[in-house]
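Please read them alongside the model.

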Amino acid sequence: MPPIALSDALGASKKRVSYYYDSEIGNYNFGPGHCWKPHRVRITHNLIVNYGLSRHMQIFRPQLVGVEDLTRFHSDDYIQFLRTVTPDNLHQHYRQLQRFAFNESGDNPVFDGMFEFCQLAASGSIGGAARLNDKNADIAINWGGGLHHAKRTEASGFCYVNDCVLGILELLKEHARVLYIDIDVHHGDGVEEAFYTTNRVMTVSFHKYGELFFPCTGNVKDIGIGEGKNYAVNFPCHDGMDDESFGRVFRDVISKVMEHFAPGAVVLQCGADSISGDRLGCFNLSVKGHGECVAFVKTFNLPTLILGGGGYTLRNVPRAWCYETSVALGVEIPDAMPYNDYFEYFGPEYRLHMPVSNMENLNTPAYLEEITQQVFEQLRHVEPVPSVPFQPIPAKFTPEDVDEDMEDPDALPSTDSPQHPCEFYDDAKSTMTGLAMADAIGTVKKRVSYFYDAEIGNYSYGPGHCMKPHRVRMTHNLVTNYGLTKHMQIYRPQLVGWEDLTRFHSDDYIHFLRTITPDNMHNYLRQLQRFNVGEDCPVFDGLFEFCQLSASGSIGGAARLNDKSADIAINWGGGLHHAKRSEASGFCYVNDCVLGILELLKEHARVLYIDIDIHHGDGVEEAFYTTNRVMTVSFHKYGDYFPGTGDIKDIGYGEGKNYAVNFPCHDGMDDESFTAVFRDVRHLQGHGALCAWCGRASVRRRLALGRPPRLLNLSVKGHGDCVAFVKSFNVPILLLGGGGYTLRNVPRAWCYETSVALGVEIPDAMPYNDYFEYFGPEYRLHMPVSNMENLNTTEYLNTTKVPAKIDVSDVNEDMVDADTRPEADGPQHEAEFY
């Protein structure tokens, strides 16, 4: 196809982008003084998040690949060496260090966690290629990859495992021809060498050549051999290459390559050391000039795997890769840099685009024209279609390949299951039915989708208010540092719109939430009273967006359950159960619990809502008080206590009679008592899906504004045992957050309950995390409960039981609106992050 102007590629064409990132990558260190800084990938990710780009793409934390994946290119003995050698046993591997080109203080040192670092780089690239093969993405990005110098049995140029080659091999399962493009200042020698004798991969490298510049390869005359002759393309450049010169030769050469080679997929290595001012580079490209290569490749509308690579000026690499992420997404971002965790790195300008230097461009027009013509002549000899026939596609990965100990080896994966272990899914099937809570923890694996938006921690109800959205960010950080994100699929929800929120809430109420701000609230005194917005529910900056965030995760989680893409969906930013149809209440403005249930009702005839917050789930009960399609069950403190509802005699009305179940509790409810009464929920089986509200206020103590303290006395484990028990019934489950006002304890509970949902045991000793000091002086997950008296006597609990199983035989699947059933594949709701 004829190339499109670069300007047309920026911001206009929207692509489905899958983005691979593991926060662990920033923890690795090549050693003091080494110029390779894995931390640059973490800085890049933080900048991407704070520019809001992560809202527009699907985020994956790759599951680590194994030896068998790495040895598809690398030799067995080399990978075994990488697995074995450590800084502590170096002296035992002297011969291998020489053989595999390692050195203690040179380019390729041995450092702590080296093999895991190699796995991370490879996992993102293989996983991205797998998603392209599955046609689940148009572009996949792995800024932690692009390690193009590594050879089959040798480390080279800071590169130990060649993820570029491994990604290409994955793409070759589906595509007859793959094009590799390299815009690093250093020649992509490892990739060229790997495919030097084949015509199924064309390698094209634009790089500095001559003057003993590393790796001293990449002459224009190096064109491949045998069947690979003319399929290695090199464009050697001199110092000072600027945007104009580079853009012209890049467009001309790549256009001609596309014409002659006609690839099925592209791998683009975006080494940022070709940008002006790089410590090891000698080109003079701007961030925009570098990014225009991405924009131009994007115009050919081919599956594209975008990788990182070199880059040694720490403040410039994130600028380039963040901008190139925006180009891949087709989203324009401002030059003025948003505040981020590494803001000081980018001073004093604090801008995305920096001026280039005034260095001389030694690439004369005559020289560039000469090299261009030589490349064109080489490409004239490329056969229009490679002579090598398309090989049979190797079998795709299935969950059985990962977990040979699955309880049900004959179970087939669902139609939208992951096709490669680098995709961040866990498809282990469960056969557990009604087991004890202790048996539910750590043994039964579920497919878990987890919804989180880092923006939620930026909102504030105001000074002194006890609702702290920051607790969700702390929870996520603890979940991440416990390594739990490796076991579930992560989504940053796309914000839902007006029409989704008004499926429950009134139009005028949602319009008010969209309109009101701290600056104009004096114009809305009547509406403030009418909608109960004031002391407990203040107006704060970003109020409506905060409401959208909580609702988006719950609706998106319910949609994934409906699709059968997950067994459990988690949204700790949700669970705002007090909000009414036209009224804010108890720190809650939009009732995401109700909205999630409405989404589940598209697919399920019956939904069970369980609430274990210390406060009665009044908003949800009220919403479904007259229907028999939703049963609400709430365990809560009752009496002179907010919201003053939830008497055991409140059982529903009309068709909903007996479908509202309340268990009022007294102060001091402990684990043993609560577990005994909670397990009577088993009488209520027969529902198609379950929405569980895990408000943290029932653990230890809760001090509300203007109210005396009231106490339940559950431990983190006792609270989490409710999740374990509900999980044992093997129905789709939506887990939500909610209350919780002791900042150090909420993350403990929700992190532990995430582990329970995943069936992954985690230690009591807390890992280091960004908020470690909050959890002192114990630094443990599980804290002792108080010695307060339990006022819930055995006699009281026995007389206040969950009713026997209610006859729901009159509720059948025909009640589900056939017109609302989602399609079998693809995202079923805009709140899903696709």
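1. Two strands count as paired if DSSP finds at least two bridges between them; helices (H or I, at least four residues) and strands (E, at least two) are DSSP runs, numbered from the N terminus. With that criterion, β9 and β11 pair in the parallel sense over 3 bridges, and serine 449 has alanine 569 in β11 as its bridge partner.

2. The model is predicted: local features need pLDDT of at least 70, side-chain atom pairs count only at pLDDT 80 or more, and totals for chains, interfaces and linings use all residues. Residues are numbered from 1 along each chain as its sequence is written, and side-chain values use heavy atoms, with hydrogens and water left out.

3. Strand β11 (residues 568-571) also pairs with strand β18 (residues 733-736), in the parallel sense and over 4 bridges. Here isoleucine 570 stands opposite leucine 735. Ile568 and Ile570 point one way from β11, Ala569 and Asn571 the other way, and all are buried (under 20% relative accessible area; exposed is over 50%, partly exposed in between; 1.4 Å probe, protein chains only).

4. A parallel pairing also joins strand β13 (residues 630-637) to β14, by 6 bridges. Valine 633 faces valine 661 in β14. Of the residues in strand β14 (residues 660-665), 6 of 6 are buried: Ala660, Asn662 and Pro664 point to one side, and Val661, Phe663 and Cys665 to the other.

5. Grid points are joined across faces, edges and corners, and a volume is the space filled by probe spheres set on the points.

6. Two or more lining residues come from each of α2 (39-50), β2 (58-60) and α15 (470-481).

7. There are 12 cavities of 30 Å³ or more, and the largest cavity has a volume of about 90 Å³. It is lined by 14 residues, among them Phe451, Tyr452, Asp453, Asn571 and Gly573, which lie nearest its centre. At least two lining residues come from each of β9 (448-451), α15 and α19 (543-562), and α15 gives the largest share, 3 residues.

8. Over the whole structure, 48 aromatic pairs are found (ring centres of Phe, Tyr and Trp, its six-membered ring, within 6.5 Å; planes under 30 degrees apart are stacked, over 60 edge-to-face, the rest tilted). Tyrosine 339 and phenylalanine 343 have ring centres 5.3 Å apart and planes at 45°, so the pair is tilted; tyrosine 339 is exposed at 63% relative accessibility. Phenylalanine 772 and tyrosine 779 are stacked, at 4.4 Å centre to centre with 10° between the planes, and tyrosine 779 is partly exposed at 31% relative accessible area.

Key:
1 Å grid on protein atoms, 1.4 Å probe; cavity = no way out; pocket = protein on both sides within 12 Å on 5 of 7 lines; lining within 4 Å.
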